[in-house]
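Here is a short briefing to read alongside the sequence and the 3D view.

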Amino acid sequence: MELQKNFEDLKAEIIEKGLCARCGGCVSFCSANRLNAIGMDYGLPDFINKQNCLECGICYMICPMTDELNESLEKKFGDEKSIGNVIDIISARTTSEEIKKYCSDGGVVTSLLHFLLDTNIIDGAVVVKQIKPGVHMPILASSFAEILESAGTSLTTLPTVNELKNYTSYASILPELREISGSFVEKVAVVGTPCQIKTIRKMQAVNILPSSITKFTIGLFCIENFTFNPTNITKFEEVIEGRMADIKKVNIKDEMIITFKDGRTKNIPLEKLEGIARESCLHCALPFSNIYSDISVGGLASPDGYTTVILRTEQGEKLFKQAVDEGYMELNQEWEKEDAIKKVKEFTKRKLERASKLF
C-alpha cells in the first residue's frame, strides 16, 4: 500500500526544487489548527517544531503545486489548460472618482469590495498593502478606507492565504485540534493569485481550517510575480530605467506599463522581466486567468481605465451585477469580448509553454 505523503515529501518534491508558490496555505492550516509544526522560514515553509507534526498529509494535499484533489477541482472549475468556466466576460470600471485616483486599471476590485462591505456580505477582505517601495504585506481590510489604501497593482507575492489564520472561525477537523477562539470575523473575501485561490479551493474541498470563512474570491490574472530583495530591486530599476520609489502606478496588460510620479511612462515587455521573476513563477503552469475564483480580473484586453472581468460562478455573477445595478461600477458598452477571450487564451498558452520548457 502506498504511504500517505506528508511535509517531508512536500519539501522534497516542491520546496527544495524551487517550485513553492509561497502562498502560505500549508502554514495557514498548521497554525490555524494550533499544530504549529511548520512555519515560514525566510519566505519558505519549513519545520519549526517537527515533533508536533501529525504526518496527516494535509499540507501536501492542499499545496497548489501538487496534483492532489485536481480531479475534483476540475469537475467544478474546468481544465487548468483552458480558461476555465466562463459565464460572461465583461469590461468595467468604477464610478467613484476617489477610487480612480488610486486604481491601476478600472478599479473593479476596490469597488466590488466596497459594495460587499456596504451590504454586509463580508466582514472584511484579505488584500495586499504596500508599506514602502518593493515591500508589501497582507492585511484584513474591514473598512473602505483600508481597501482604498491597498488599491493598485502589487508586484510581489506574499503569503496572503496565511493571513487567514488570524481571522478564522472554528471547524472541527481532527480530535487533536481545539476550538480557535477570539475571532469576530466570519465572512471574508480574498483577493489573490492563482496559487493562493487554488489553495483555498483545495481547503474548501476537504472542509478544513481556515477556509470556512472565505465567502468570496477575486482572482487576479497572473503571468509572474517578483520578490524584491536589494539585488532584485537593483535589477528591476535597471530594466525600468528608474527608481521604484518614483513609481506612481503599475498596469499590466500585454506589457508592464509603469507611470512615474513625474508623469513619465515606461512600457516594459514582460519577457524582459523574466530575469527577475520568482523561479517558481517561471515554472508555474497554473492558469493565467485564475480559473478557481468567483470572478477573475486583470487589465489585459481592456482599454485604459477599464478592467477585464470574467464571471465564473453563479455567486460571482450575481454579486457583480448587483454592484453594477447599485451604481458602484459601469460597463464598457463598446467592448468586443471575442477579442478578450482570444487574448486570455493566448496568455494561458504562453504561460503553459514557458513552464513546459523549464521542466
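Is Lys253 buried or exposed? Lys253 is buried, because its relative accessible area is 8%, under the 20% cut-off for that class. Please keep in mind that this is a predicted model. The protein has 359 residues, of which 53% count as buried, and its secondary structure comes to 12 helices and 13 strands.

**The protein overall**

- The accessible surface comes to about 16400 Å², and carbon and sulfur atoms hold 47% of that area.
- Taking the contacts with a separation of 6 or more, 70% are between residues 24 or more positions apart.

**Lys253, a lysine in a loop**

- Lys253 sits in the loop that runs between strand S8 (247-252) and strand S9 (255-260).
- Its side chain reaches the backbone oxygen of Ser302 at 3.0 Å.
- Beyond its neighbours within four places in sequence, Lys253 touches Asp105, Leu270, Phe347 and a group that includes Gly299, Leu300, Ser302, Pro303, Asp304 and Tyr306.

**Lys261, a lysine with another setting**

- Lys261 is found in the loop between S9 and strand S10 (265-269).
- With a relative accessible area of 58%, Lys261 is exposed, since the cut-off for that class is over 50%.
- The side chain of Lys261 reaches the backbone oxygen of Ala245 at 2.9 Å.
- Lys261 and Asp246 are 15 residues apart in sequence, and their C-alpha atoms are 5.6 Å apart in space.
- Once neighbours within four places in sequence are set aside, the contacts of Lys261 are Ala245, Asp246, Ile247 and Lys248.

- Arg354 has its place in helix H12 (residues 337-358).
- Its relative accessible area is 12%, so Arg354 is buried.
- What does the side chain of Arg354 reach at 2.5 Å? The answer is the backbone oxygen of Ile223.
- A polar contact also joins the side chain of Arg354 to the side chain of Glu274, at 3.4 Å.
- Apart from neighbours within four places in sequence, Arg354 is in contact with Ile223, Glu224, Glu274, Cys281 and Leu282.

**Glu237 in helix H9**

- Glu237 belongs to helix H9 (residues 230-240).
- The relative accessible area of Glu237 is 24%, so it counts as partly exposed.
- Its contacts, leaving out neighbours within four places in sequence, are Gly242, Arg243 and Met244.

**Helix H6 and the residue that follows**

- Why is H6 described as largely enclosed by the rest of the structure? The reason is that 10 of its 11 residues are buried.
- Those buried residues are Val108, Val109, Thr110, Ser111, Leu112, Leu113, His114, Phe115, Leu116 and Leu117.
- H6 is followed by Asn120, which has a positive phi, near 60°.

- Most residues other than glycine have a negative phi.
- Asn120 is not a glycine, yet its phi is positive, near 60°.
- Asn120 lies in the loop between helix H6 (108-118) and strand S4 (124-132), and at 56% relative accessibility it counts as exposed.
- Asn207 likewise has a positive phi, of about 55°, without being a glycine.
- The loop that holds Asn207 runs between helix H8 (194-205) and strand S7 (214-220), and Asn207 counts as exposed at 53% relative accessibility.

**The second largest pocket**

- The volume of the second largest pocket is about 430 Å³.
- Which residues of its lining are the closest to its centre? Of the 23 lining residues, they are Asp67, Asn70, Glu80, Ala285 and Leu286.
- Helix H4 (70-77) and H12 are the elements that give two or more residues to this lining.
- By residue class, the lining of the second largest pocket divides into 11 nonpolar, five polar and seven charged residues.

Notes
Residues numbered from 1 in each chain as written. Predicted model: local features only at pLDDT ≥ 70, side-chain atom pairs only at ≥ 80, totals over all residues. Heavy atoms only, no water. Helix = DSSP H or I, 4+ residues; strand = E, 2+ residues; numbered from the N terminus. Buried < 20%, exposed > 50% of the residue type's maximum accessible area, 1.4 Å probe, protein only. Polar contact = N/O pair within 3.5 Å; in protein donor to acceptor, adjacent residues only side chain to side chain. Contact = heavy atoms within 4.5 Å. 1 Å grid on protein atoms, 1.4 Å probe; cavity = no way out; pocket = protein on both sides within 12 Å on 5 of 7 lines; lining within 4 Å. Points joined across faces, edges and corners; volume = space filled by probe spheres on them. Nonpolar A, V, L, I, M, F, W, Y, C, P; charged D, E, K, R; others polar. Areas by Shrake-Rupley, 256 points an atom, 1.4 Å probe, with all protein chains shown as cover.
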